[in-house]
Amino acid sequence: MTYARKAPTLVTVSVELFGNARLLAGRSLLRLNVADDCALKDIAEAIGRLHPNLVGTVVREDLTGFLDSYIVNLNGVEFIDDQHQRLIEGDSLLVFSSLAGG
């Protein structure tokens, strides 16, 4: 028996930028429409297309992910990686540098 995979549904998520990402984008909050079953690279690509000035500084040049110095948190609860992530309408992603000064 074969099961057809459910087509992804688009959901709207908020992305809050911190630090240099916020300065470069000129704003702190973005809204993205992404598939409810997407990978971190899909989020990075959407952000890079929306704000090209973040490409090469926050998002990789080829739009396949974030630079190693950036991390993404889901709803202030868990950090997400390159695996597919189930997102729901209204989720909040936090993008900030993993390097901190003191």
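Predicted model: local features only at pLDDT ≥ 70, side-chain atom pairs only at ≥ 80, totals over all residues.
Reader: How many aromatic pairs does the structure hold?
Author: Two. One joins Phe18 and Phe96. Their ring centres are 6.0 Å apart, and the planes stand at 90°. That geometry is edge-to-face.

Reader: Which parts does the pair of Phe18 and Phe96 tie together?
Author: Phe18 sits in the loop between E1 and H1, while Phe96 belongs to strand E7. The pair therefore ties together parts 78 residues apart in sequence. As for accessibility, Phe18 is partly exposed at 29%. Phe96 is partly exposed too, at 24%.

Reader: Why is the pair of Phe79 and Phe96 edge-to-face?
Author: Angle decides. Planes over 60 degrees apart count as edge-to-face. Here the planes are at 70°, so the pair of Phe79 and Phe96 qualifies, with ring centres 6.3 Å apart. Phe79 lies in strand E5 (residues 78-80) and Phe96 in strand E7, so this pair ties together parts 17 residues apart in sequence. Ring pairs link Phe18, Phe79 and Phe96 into a cluster.

Reader: Now the core. Which residues have the most contacts inside the largest nonpolar core?
Author: Ile43, Ile47, Phe66, Leu87, Leu93 and Val95. The core has 26 residues. Next, see who contributes. The elements giving two or more residues are strands E1 (10-17), E2 (29-35), E4 (70-74) and E7 (92-97), along with helices H1 (19-25) and H2 (40-50).

Reader: What is Phe66 in contact with, leaving aside its neighbours within four places in sequence?
Author: Among its contacts are Leu40, Ile43, Ala44 and Ile47. Val58, Val59, Arg60, Val72 and Val95 complete the set.

Reader: Turn to charge. How many salt bridges does the structure hold?
Author: Four. Take Glu16 and Arg22: the gap is 3.5 Å. Glu16 is partly exposed at 27%, and Arg22 is partly exposed at 30%.

Reader: How far apart in helix H2 are Arg49 and Glu45?
Author: Four residues, which means about one helical turn. Their salt bridge has its closest N and O atoms 3.0 Å apart. Arg49 is exposed at 57%, whereas Glu45 is partly exposed at 28%.

Reader: What N to O distance do Arg60 and Asp68 show?
Author: 3.9 Å. The salt-bridge limit is 4 Å, so a pair at this distance still counts. Arg60 is partly exposed at 29%. Asp68 is exposed at 70%.

Reader: Where is Asp91 found?
Author: In the loop between strand E6 (85-86) and E7. Asp91 is buried but has no salt bridge.

Reader: Which side chain of opposite charge is nearest to Asp91?
Author: Arg86, 9.1 Å away.

Reader: With which side chain does the side chain of Asp91 make a polar contact?
Author: That of Asn75, at 2.9 Å.

Terms used: Residues numbered from 1 in each chain as written. Heavy atoms only, no water. Core = buried A, V, L, I, M, F, W, Y, C linked by side-chain atoms within 4.5 Å. Buried < 20%, exposed > 50% of the residue type's maximum accessible area, 1.4 Å probe, protein only. Contact = heavy atoms within 4.5 Å. Lys, Arg positive; Asp, Glu negative; His and termini not counted. Polar contact = N/O pair within 3.5 Å; in protein donor to acceptor, adjacent residues only side chain to side chain. Phe/Tyr/Trp six-rings, centres within 6.5 Å; stacked < 30°, edge-to-face > 60°.
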